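Please keep the sequence and the structure in view.

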Amino acid sequence: MTCFGSVSNAQIAPDGFRVLRAAPADVRLDGAPELQTALAAFEASVPGPLLRIALGDELKVRFVNDLPVAEAIDWYGMRPVPQHNLTDFILPMVASGQSRDDRLRALYAGTFWYRGVLNPNHRLYGPLIVEEAALPKIDKEFVLIFDDWTTPGPSAGAVAGRPFTSVNSASSIEIAARSNERLRLRIINAGVRIVALRFERHAPRVMAIDGLPAQSFSPTGGRVALAPGNRIDLFLDALLEPGASAPIVLEEPDRETLVGKIVYGPAAARPAPMPDPEPLAPSRLPERIDLSASAKVFTRLDDAKAWIASEPLTSTSRLAPLFRIRRGSAVTLAVANPTRAGRVVHPHAHHVRLLDRLDDGWKPFWLDTVLIEAGATSRIAFVADTVGRWAVECRALNERSPASWAWFEVY
């Protein structure tokens, strides 16, 4: 059983393409009625339609742009099928009144998402789920998409000029559970701020990060944090008594906000809890990367020769690549952030390992979005496994400003 709040399924055209139509929209938020997008949304809904396919299948999507401006879509964690008309383009844009067909390969099972990238104040995003070949033993799953807004005036849970955090376009949600059920929570941060959550009276277990299986663990105090663009899959065993409830709290530096509740029904699902969960099936990505043989690349986010700031990157003729490399080769990319604000860096069409700062080890999970603190340098390693010309996107933390762009080529 899957519960998505306001998330709906995408319409399917006669030729099998699922349709995502971006258009001006007036979407009001539950709990903050004076807040509205009044900008753009997919199918007049925030979040946009759910896209769901099985591992190994091909996802065919038709993006129809009914906006007055050009837009492009980023498919977080997915691998596009090569298309001949992309020879000289990194980030294919769709002009106003035009459409574009994308074919995506579901090489990895997990929680992914899609979003428009050129207009940061639009609310063009939605969930994309690839089901495992052997489904894990759970009772229900919920997709929770967090976003943030700045309130123009007083509202429930917010004050004028301060960020308001929504979950599935509401100020808070209720997660229905029965005693001894196992829930899967697919959490997506679609906003520009860090989302730090605390699950009271429960011990969630982290099973996957940015869509791919991780070494599972129970976070201290039931706390998890997601940078913009990150996803976390949690398994949560509902071990309270029938009729109980427990809050889900958003932790911020100067306040705490209730963003959800786990609400128990009057009867238990089974007499006893389920046994500890089995790990999710591993992805096809390598367990180890030979860093000694990897190409070593260094870039600074303020290097005008490597990055275009505040405008979309489309043609390869506009900017030299960070690197060109043969498919299957390993890359170690060091990214320096000399600015006074945190930055989120997202290489398109690849997952990466975050390297430890003191040695050549890496964190025990894959990422496709990396937070680099102000004044810091982070190193990531990955195998260049997808042929094409790919954008590297950089966005400022806590700001709805246009991205900066670099690119690399895998041949």
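**Aromatic rings, cores and a sheet**

A: In this predicted model, tryptophan 113 is buried, as is tyrosine 125.

Q: Why is the pair of tryptophan 113 and tyrosine 125 described as it is?

A: A pair of aromatic rings is described by the distance of the centres and the angle of the planes. The structure as a whole contains eight aromatic pairs. For tryptophan 113 and tyrosine 125 the ring centres are 6.4 Å apart and the planes stand at 65 degrees, so the pair is edge-to-face. Tryptophan 113 belongs to strand E12 and tyrosine 125 to strand E13, so the pair ties together parts that are twelve residues apart in sequence.

Q: Over which ring does the charged end of arginine 123 sit?

A: That charged end sits over the ring of tryptophan 149, 3.6 Å from its centre.

Q: How many residues has the largest nonpolar core?

A: In soluble globular proteins, nonpolar side chains tend to be buried together. Here the largest nonpolar core has 58 residues, and Leu185 is among those with the most contacts inside it. A second, separate core of 34 residues includes Tyr114 and Leu291.

Q: In what order do the four strands of the open sheet lie?

A: Strands of a sheet pair through backbone hydrogen bonds, either parallel or antiparallel. The order is E25-E28-E32-E30, with mixed pairing. Strands E25 and E30 stand at the edges with a single partner strand each, so one side of each is left without a neighbour in the sheet. E25 pairs with E28 in the parallel sense over six bridges, and alanine 295 stands opposite valine 331 in E28.

Terms used: Residues are numbered from 1 along each chain as its sequence is written. This is a predicted model: local features need pLDDT of at least 70, side-chain atom pairs count only at pLDDT 80 or more; totals for chains, interfaces and linings use all residues. Side-chain values use heavy atoms; hydrogens and water are left out. Two strands pair if DSSP finds at least two bridges between them. Helices (H or I, at least four residues) and strands (E, at least two) are DSSP runs, numbered from the N terminus. A nonpolar core is a set of buried Ala, Val, Leu, Ile, Met, Phe, Trp, Tyr and Cys residues joined through side-chain atoms within 4.5 Å. Buried means under 20% relative accessible area, exposed over 50%, partly exposed in between (1.4 Å probe, protein chains only). Rings of Phe, Tyr and Trp (its six-membered ring) pair if their centres lie within 6.5 Å; planes under 30 degrees apart count as stacked, over 60 as edge-to-face and the rest as tilted. A charge sits over a ring if NZ of Lys or CZ of Arg is within 6 Å of the ring centre and within 35 degrees of the ring normal.
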